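Me: I have a structure to go through with you. Could you take my questions as they come?

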Amino acid sequence: MSSRERILGRVRRALADVPPDDTPYEEAVPRPYLRRHGDRDVAGTADLLAANLADYRAVVHRSDTAGLPGLIAHLLAQRGSASVLVPPGLDPAWLADTDTDITRVADRAESTPGELDRVDSVVTGCAVAIAETGTIVLDGSPDQGRRRITLIPDHHICVVRVPGQVVSSVPEALERLTPSRPLTWISGPSATSDIELDRVEGVHGPRTLEVVLAEDGDG
Amino acid sequence: MSTTYLGMPALPAPGDRAFPSFPQAAHAAVRDTTLRGNLRHATHTIRAKRAKAVAEVSDWAQLREAGRRIKDHTLRHLDRYLVQVEEAVTAAGGTVHWAANAAEANRIVADLVKATGEREVVKVKSMATQEIGLNEALQAEGIRAYETDLAELIVQLGKDRPSHILVPAIHRNRGEIRDIFRSEMSAWGRPAPEGLTDTPAELAEAARLHLREKFLRAKVGISGANFVVAETGTLVVVESEGNGRMCLTLPETLISVVGIEKIVPTWRDLEVFLQTLPRSSTAERMNPYTSMWTGTTDGDGPSTFHLVLLDNGRTDTLADQVGRQALRCIRCSACLNVCPVYERAGGHAYGSVYPGPIGAILSPQLRGTATDIDASLPYASSLCGACYEVCPVAIDIPEVLVHLRERVAEGGTATRGGNKVVLRPAKGHAAERAAMRAARWAFTHPGALAAGQRLASRTRRFHPRALPGPGRAWSAGRDLPAVPAEPFRDWWQRTRGGKDEAK
Ligand code: SF4
């Protein structure tokens, strides 16, 4: 007997005492919990997102679409970055004001982790942002690139379009996401509390996370 | 019948009769004042934070109930969902393996690693791989497994054992950690920086540097998973440091070892657990990183993905009408942090990778109650009920403890390795003495007992005689054994520690 058959057989025998139950799953689990906590307007939701991101030590900036290229240029210059990873589908306008001395590094399949480790910063968009938890979610779309480009560089600038990409809650975020895409949920820079439960920001992922809330009004 | 291995490298193997019973191991812990100080500080800190994080969501009770029902439903139809997971993961480009026990899982993983030609692997913290003793098994095959979670690294470098689910090195303070890094890192790779001090930020930086070279060259990653979604074949890993992301995305081959109870039926179910797990475990609104992947993705992440579905005593646990609820556990560790017995005894006394209240009900079910340690675990509690109150999937740990005590004392039927067996009563055997000592230990420690009784009176009303609603399916035809309504001390004296309860 294969282990597959053995395990499935054990499961069936283990459940021999349980009466048959054909309740459809939607009815088996009632969901009286909330879809979101509290009622906020668009501005209130963006404010909550900003506050929760900051609470977990992400650096939050706010801008309108017109000011975005200038702000990104400023953040990269202030960081002193010599190179920046650029996902293939990033809106070219976002880096239009960035100093041409800062090397643009393309997200290529051939790049080794060692090569990515020498890049200072990465700029991406996101798939959705969750106000209640201060979370941004990446789904590997062309404006976000492969998972590793937002993991190895030590400085991540992530642009969230407000209000189009902002939801209130975890249930609302899951509704928008596609499970078959590789997803990375990010809530602040990497952290550990493994030493006497003292929180230390910045272990293996980017130690600095800057989130730009770009208000464009068109969703 | 083979014994189920629950991972205990540095002491006699857990199935080994030489492993001390709970009270013997706990006595040593209580005498260690550093350990007690570390534990007290840690559990009290996180306890307060958790309460705050939970209070932030007004629908906590509904989320908890939904979590309970999702897990019960999955377990009720586990055969169907296992097959669905297999189909979905295979369709997404992964390969599914089935392991009935620890030895089989270890052999599958070792063979997969060897087939890549690699001699080292990077690992994300995973209870399942600790449970099966994977690192030791790989070592025996000449494969080096590097733990990459900071606490796991501390444990591995210190040739130590984990003592907490979430913070495995909770028993070490910063000075000890610095000493371990200074003396041991060089044998494993990049040495600790010169002049390393004991500030947590510096220690974390030392770990970052030490592990980075391993991540960047790793070809094989090994993980567990917090959840597996049956309808989509998606695996979910919840973490803080980014070592999980490193192991899950940089290697060419990814092997995930996952207990069969980790399944949830639908994508939507994550909306419950992604709210309850972070708040219960790290007391955060959301943990820093959560990774979700479905099979393989062209050009992004590992090109080869293996899922090893692990039984190792879980189906035996499923066969127990009262005990099966332990399989709902999402390993948040909230029950450890509120447990007065855990706080004093420390994690090592529980004799497996599952410490605290959940360990006290899980280990004797996964492994049986044949050894002193496993027979004594159901008695390693004052039945105060604090664990049940905080549990995000409402596992009635006191109820299962009473049930297991009954079985130790009175004997009865159980399922071991898929077969029904009749257990002899512990009466007159060494197991009985071990159990009695554990009970005496738990209730002669005044702090443990006082805290216990205070909470007990508050939780009584949460213990129904029969489960309401669809939960009835589980308890059809029988009443649940009542948790004693009288104070523990009186109950103990009247029933001689539960021995006379069933009469
Ligand atoms: S038993 Fe409940 S509280 Fe304890 S670790 Fe499991 S889910 Fe968390």
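Me: Which residues of chain B are linked in a network of salt bridges?
Reply: The network links B:E65, B:R68, B:R69, B:D72 and B:R328. A salt bridge here is a side-chain nitrogen of Lys or Arg within 4 Å of a carboxyl oxygen of Asp or Glu. Please note that this is a predicted model, in which local features need pLDDT of at least 70 and side-chain atom pairs count only at pLDDT 80 or more, while totals for chains, interfaces and linings use all residues. Residues are numbered from 1 along each chain as its sequence is written, chains are lettered from A and ligands numbered from 1 in the order in which they are written, and side-chain values use heavy atoms, with hydrogens and water left out.

Me: What does B:R268 pair with?
Reply: B:R268 forms a salt bridge with B:E271, the closest N and O atoms being 3.1 Å apart. B:R268 is partly exposed, with a relative accessible area of 39%, and B:E271 is buried, with 1%.

Me: How far apart are the closest N and O atoms of B:R367 and B:D374?
Reply: They are 2.7 Å apart in that salt bridge, and both B:R367 and B:D374 are buried.

Me: Changing topic: which residues have the most contacts inside the largest nonpolar core?
Reply: They are A:W185, B:F22, B:L82, B:L270, B:L307 and B:I361, in a core of 126 residues. A nonpolar core is a set of buried Ala, Val, Leu, Ile, Met, Phe, Trp, Tyr and Cys residues joined through side-chain atoms within 4.5 Å. Helix 19 (residues 397-410) of chain B gives the most to this core, with seven residues.

Me: Why does this core lie between domain 1 and domain 2 of chain B?
Reply: Domain 1 (21-314) and domain 2 (429-496) of chain B both give residues to the core, so it lies between them. The domain bounds come from an automatic or database domain assignment.

Me: What does B:I361 touch?
Reply: Leaving out residues up to four places away in sequence, B:I361 touches B:A326, B:I395, B:I397, B:V400, B:L401 and B:L404. Contact means heavy atoms within 4.5 Å. Apart from this core lies another, of 35 residues, including A:L85, A:L116, B:V122 and B:I177.

Me: On to the fold. How many helices and strands are in chain B?
Reply: Chain B has 23 helices and twelve strands. Of its 503 residues, 68% are buried.

Me: What is the strand order of the open sheet in chain B?
Reply: The order of its six strands is 1-10-7-4-2-3, with parallel pairing; two strands pair if DSSP finds at least two bridges between them. Strand 1 (95-99) and strand 3 (144-147) of chain B are the edge strands, each pairing on one side only. Strand 1 and strand 10 (residues 304-310) of chain B are joined by five bridges, and B:A99 stands opposite B:L310.

Me: Which helix of chain A lies across strand 1 and strand 10 of chain B?
Reply: Helix 1 (residues 3-14) of chain A does so, at about 65 degrees to strand 1 of chain B. Axes are lines fitted to C-alpha atoms, for helices over the stretch in contact, and angles run from 0 to 180 degrees between N-to-C directions.

Me: What is the order in the open sheet of chain A?
Reply: Its six strands follow the order 1-12-7-4-2-3, with parallel pairing. The edge strands are strand 1 (59-64) and strand 3 (103-106) of chain A.

Key
Helices (H or I, at least four residues) and strands (E, at least two) are DSSP runs, numbered from the N terminus. Buried means under 20% relative accessible area, exposed over 50%, partly exposed in between (1.4 Å probe, protein chains only).
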